[in-house]
Amino acid sequence: QVQLVESGGALVQAGGSLRLSCAASGTIFSINAMGWYRQAPGKPRELVATITRSGSTNYADSVKGRFTISRDNAKNTVYLQMNSLKPEDTAVYYCNAELTGHWYSPFSTYWGQGTQVTVSS
């Protein structure tokens, strides 16, 4: 059993900052890419940022220069530092991870349950 648990979502004023965390637990042998996605009401889920095991990152254009993704491989945890938040950043933020529980098993993608971020104007 593998679980991804997000934390850090909150209500914040525009211009403020938040740091999201997502910890993977359970039977884990190796984790490849980890990422953050978000879904606003009435909209499809969209990519926010991803990070490979070696630390290569990719960002949505809408968050470049404001958000920073990082990870701690020893803790199986990925972070999202969000600065200069805007009302349009309001969404449920989900983390995901591509991982395997055993050396002989294929990699699969797991999702967290989501954490709400609300930015007031």
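**Terms and their grounds**

Guide: The accessible surface of the chain is about 6,400 Å², and carbon and sulfur atoms hold 48% of that surface; such areas come from the Shrake-Rupley method with a 1.4 Å probe, and for residues only the protein chains shown count as cover. This is a predicted model, in which local features need pLDDT of at least 70, side-chain atom pairs count only at pLDDT 80 or more, and totals for chains, interfaces and linings use all residues. Residues are numbered from 1 along each chain as its sequence is written, and side-chain values use heavy atoms, leaving out hydrogens and water.

Visitor: What makes up the secondary structure of the chain?

Guide: The chain has zero helices and eleven strands. Helices (H or I, at least four residues) and strands (E, at least two) are DSSP runs, numbered from the N terminus.

Visitor: Why is the chain called as compact as a globular protein of that length?

Guide: Its radius of gyration is 14 Å, close to the 14 Å that the globule rule gives for 121 residues, so the description applies. The radius is taken over C-alpha atoms, and the rule is 2.2 Å times the number of residues to the power 0.38.

Visitor: Why is D89 called buried?

Guide: Buried means under 20% relative accessible area, exposed over 50%, and partly exposed in between (1.4 Å probe, protein chains only). D89 has a relative accessible area of 1%, and therefore counts as buried. Its place is in the loop between β8 (77-82) and β9 (91-100).

Visitor: What joins the side chains of D89 and R38?

Guide: A polar contact of 3.0 Å joins them. The term requires a pair of N or O atoms within 3.5 Å; within protein, one must be able to donate a hydrogen and the other to accept it, and residues adjacent in sequence count only if both atoms are side-chain atoms.

Visitor: How do you know that C22 and C95 form a disulfide?

Guide: The S to S distance between C22 and C95 is 1.9 Å, and the definition asks for a pair of cysteine sulfur atoms within 2.5 Å. The pair links distant parts of the chain, with C22 in strand β3 and C95 in strand β9, 73 residues apart. A search of the whole structure finds one disulfide.

Visitor: Are these two cysteines, C22 and C95, buried or exposed?

Guide: C22 has 0% relative accessibility and therefore counts as buried. C95, also at 0%, is likewise buried.
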